[in-house]
Amino acid sequence: MQTNLIQKVGQIGIPVKNLEKAVHFYKEQLGLPLLFQTGNMAFFECNGLRLMLSLPEKEQFAHASSVLYFHVDDIQTAFEEFKNRGVPFIDEPHLVAKMGQTETWMTFFKDTEENTHAFVSEVQGEAV
């Protein structure tokens with residue numbers, strides 16, 4: 001039996017209702033590079049992962065997306081910067097897990113389509 005056929009996630013599709021508004025959010029507020037836009041779709045680069053924004057072809061696909069977790073080095077700095085860009089946060093950076101000396105911090109926000117996403121940072125805690 002062959003294993004590890006899937007190596008990584010290459011693209012994530014995000015359904016949107018207003019493509020232009022969503023493109024502006026992901027490009028201007030989150031600062032992701034727009035690869036190209038065509039018809040009812042726009043594609044962004046996110047460090048080797050492609051995000052596809054698209055108008056749903058059928059009503060059955062017009063729903064909120066999965067939560068995307070964007071890794072950042074310094075969650076407090078990212079929080080302040082994105083807040084200044086008008087990103088609507090639903091909480092503040094907070095500790096969600098501690099494994100050994102590694103702490104995982106998150107903060108959640110909404111995009112223009114009411115999809116919930118998060119910024120996440122893993123930091124080394126101080127020795128106790």
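Visitor: What volume does the largest pocket have?
Guide: The largest pocket comes to about 210 Å³. Keep in mind that this is a predicted model.

Visitor: And which residues line the largest pocket?
Guide: The lining is made of Lys8, Val9, Ile12, Cys46, Asn47, Gly48, Leu49, Leu51, Leu68, Tyr69, Phe70 and His71. Two elements give two or more residues to it, namely E4 and strand E5 (69-71).

Visitor: Which element gives the most to the lining?
Guide: That's E5, with 3 residues.

Visitor: How many of the lining residues are nonpolar, polar or charged?
Guide: By class, you get 8 nonpolar, 3 polar and 1 charged.

Visitor: OK, on to the strands. How many bridges join E3 to strand E4?
Guide: There are 6 bridges between E3 and E4 (residues 49-54), and the two run antiparallel.

Visitor: What sits in the turn between E3 and E4?
Guide: The two strands make a hairpin with 2 residues between them, and Asn47 in that turn has a positive phi of about 50°. Asn47 is also one of the residues lining the largest pocket.

Visitor: Which way do E2 and E3 pair, parallel or antiparallel?
Guide: Antiparallel, over 4 bridges, with E2 covering residues 34-38. Gln37 stands opposite Ala42 in E3. This is a hairpin too, with 2 residues between the strands, and Gly39 in the turn shows a positive phi of about 55°.

Visitor: Switching to aromatics. How many aromatic pairs are there?
Guide: The count is 12 aromatic pairs. Take Tyr26 and Phe44: their ring centres are 6.1 Å apart with the planes at 40°, so that pair is tilted.

Visitor: Where do Tyr26 and Phe44 sit in the chain?
Guide: Tyr26 is in helix H1 (residues 19-29) and Phe44 is in strand E3 (residues 41-46), so the pair links distant parts of the chain, 18 residues apart.

Visitor: Are those two buried or exposed?
Guide: Tyr26 and Phe44 are both buried.

Visitor: What about Phe36 and Phe43, how are they arranged?
Guide: They're a stacked pair, 4.6 Å centre to centre with 25° between the planes. Stacked needs planes under 30 degrees apart.

Visitor: Why does Phe43 count as buried?
Guide: Because its relative accessibility is 8%, and buried means under 20%. Phe36 is partly exposed, with a relative accessible area of 39%.

Visitor: Which residues do ring pairs link into a cluster?
Guide: Phe25, Tyr26, Phe44, Phe70, Phe79, Phe82, Phe89, Phe109 and Phe119. Phe70 turns up in the lining of the largest pocket as well.

Key
Residues are numbered from 1 along each chain as its sequence is written. This is a predicted model: local features need pLDDT of at least 70, side-chain atom pairs count only at pLDDT 80 or more; totals for chains, interfaces and linings use all residues. Side-chain values use heavy atoms; hydrogens and water are left out. Rings of Phe, Tyr and Trp (its six-membered ring) pair if their centres lie within 6.5 Å; planes under 30 degrees apart count as stacked, over 60 as edge-to-face and the rest as tilted. Buried means under 20% relative accessible area, exposed over 50%, partly exposed in between (1.4 Å probe, protein chains only). Two strands pair if DSSP finds at least two bridges between them. On a 1 Å grid over the protein atoms alone, a cavity is a set of points where a 1.4 Å probe fits but cannot get out, and a pocket is an open set with protein on both sides within 12 Å along at least five of seven lines; lining residues have an atom within 4 Å of a point. Grid points are joined across faces, edges and corners, and a volume is the space filled by probe spheres set on the points. Ala, Val, Leu, Ile, Met, Phe, Trp, Tyr, Cys and Pro count as nonpolar, Asp, Glu, Lys and Arg as charged, and the others, Gly among them, as polar.
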